[in-house]
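I opened this entry to go through the ligand site and then the fold around it. My notes follow in the order in which I looked things up.

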Amino acid sequence: MKVTEHIINSNNKTLFSFEIIPPVKGRNIQELYDNIDPLMEFKPPFIDVTTSREEYVYIDKDGLLDKRLTRMRPGTVGICASIKHKYNVDTIPHVLCGGFTKEETEYLLVDCHYLGIDNIMALRGDAMKEEKYFTPSEGGHLFASDLVEQIKDLNKGKYLHEVIESDDCADFCIGVAGYPEKHMEAPSLHSDLKWLKHKIDLGADYVVTQMFFDNKKYFEFVEAARNMDIHVPIIPGIKPIAIKKHLHLLPQVFRIDIPQDLIDAVEACKNNKEVRQVGIEWAIEQSKELKAAGVPVLHYYSMGKSTNIKAIAEGVF
Ligand code: FAD
C-alpha cells in the first residue's frame, strides 16, 4: 500500500515508522531482523531501507595500492523484499541519483515493481567521501527532481527508450527529502523550499524531513512549506542522540543545530549509557509534542540499532 494511503487510513492517528541501513556486505541479514523484531509490536505500516553511496577502497597488490570503487552496504532492494515478505509490511527503498545511470535506475524500478514495492524514496544522495561536491554518474541524474520525473514517467509506461502500451504500469508513491534547517548547499531556506516545491509539482507525494532536535524548526518549516503551496504530508524524522560524539558529528554531517539544553544534558553525562538515556528522553518529549500537534507519522532514524527506538516508542505509542 502507498504511504499516502496508510496516512489516509490512519484516521488522523499518528503512525510509527523507522529507517534501517543495510548491513555491511558479508554480514548476516539475521542481525537486521534481530533489530527489527522488537519494533514490530508498534505496527509500523512501512519501513525505509537506505542506500549508501559507493566509496573507494585500496587493495594491496604486491606492495602497490589498487584503488577500487565499491558499495559497502549493498542490497537495499533485496532487503526490502525480504522484510516485506517476512513481516508483511510495506518497505521503501531509498533510490539515489548518485552512482547510478538512468538506465540502471530503470532496471531497479522495474525490479521494485515486480516485487510489489509501492513506494520509492527519491533522493539525490550526498557527494562521495572523496568529493567536495556532488557529481552525477555519466548518464545519471543531477537532482532528486530529475529522478522524480523518471519515476512519474515510468508510472505512465514511459521507459527510457520508448512509451510502452501496458496494462501493468507501475504506480509508485514517491517520497522526497525536506530540510527544516535547509539543505547544506542551499543558499537560503526559501531557495531550498522552492526546489522542494519543484519536486512536489513534478509528482512527489510526501516529504520526510532531515532529523531536527528543536520542534520549533519543524513547525516553522511546515508553515513555510504550506505558504508556498506545498500541501503533501510532511513526515518528521527523529534521531535520538546516542553517544557524546553526536554533539559534534551530527551538526558537521547534517548541518543541523542542537539546542543548548540538550547539549548541557549530554555534556553532564558520565558515560554513553547516560547519554543514550538523555537521547531517549529528549526524543520522547519531541515525539509527544509532534504527536499532539497531529503529525501523520513519526519516522525514526534507527541507524541499525533498535533498543533506543523501542524505548522511545514505548514512551510515545
Ligand atoms: P535535491 O532535492 O536534489 O537537492 C539538493 C540540493 O540542490 C539542495 O540544496 C536543493 O535546494 C538544490 N536543488 C534542488 N533542485 C535544484 C535545481 N533544479 N537547481 C538548483 N538547485 C537545486 N542519502 C543517501 O546517500 N542515502 C540515503 O538513503 C539517504 N536517505 C535520506 C533520507 C532522508 C529522509 C533525508 C532527509 C536525506 C537522506 N539522504 C540519503 C541524504 C540526501 O541524499 C542528501 O541530503 C543530499 O545531499 C540531497 O538529497 P536531496 O534528495 O534532498 O537532493
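I began with the make-up of the shell around the ligand: its residues divide into 11 nonpolar, seven polar and five charged. I note here that the model is predicted.

Next I looked up which residues come nearest. The ligand has 23 residues around it, and Thr-51, Asp-126, Tyr-179, Asp-192 and Lys-199 are the nearest.

For Asp-192, I found a side-chain N or O atom 2.6 Å from an oxygen atom of the ligand. His-183 also has a side-chain N or O atom facing a ligand oxygen in my list, at 2.8 Å. With Trp-195 the ligand atom is a nitrogen, and the distance to an N or O atom of the side chain is 3.4 Å.

On its own the ligand has 980 Å² of accessible area, and the protein covers 87% of that. I also listed the elements that give two or more residues to the shell: β5, β6 (119-123), α6 (189-201) and β8.

From there I turned to the sheet. I traced a closed barrel of eight strands in the order β1-β2-β5-β6-β7-β8-β9-β10, and the pairing is parallel.

Strand β8 (residues 206-211) runs parallel to strand β9 (residues 234-238), and three bridges join them. Val-208 has Ile-235 in β9 as its bridge partner.

Last, I looked at helix α3 (residues 76-87). Helix α3 packs on the sheet and touches β1 (15-20), β2 (46-49) and β5 (90-96). The direction of α3 makes about 175° with that of β5.

Technical notes: Residues numbered from 1 in each chain as written. Predicted model: local features only at pLDDT ≥ 70, side-chain atom pairs only at ≥ 80, totals over all residues. Heavy atoms only, no water. Pairing = 2+ DSSP bridges. Helix = DSSP H or I, 4+ residues; strand = E, 2+ residues; numbered from the N terminus. Contact = heavy atoms within 4.5 Å. Axes fitted to C-alpha atoms, helices over the stretch in contact; angles between N-to-C directions. Near = heavy atom within 4 Å. Polar contact = N/O pair within 3.5 Å; in protein donor to acceptor, adjacent residues only side chain to side chain. Areas by Shrake-Rupley, 256 points an atom, 1.4 Å probe, with all protein chains shown as cover. Nonpolar A, V, L, I, M, F, W, Y, C, P; charged D, E, K, R; others polar.
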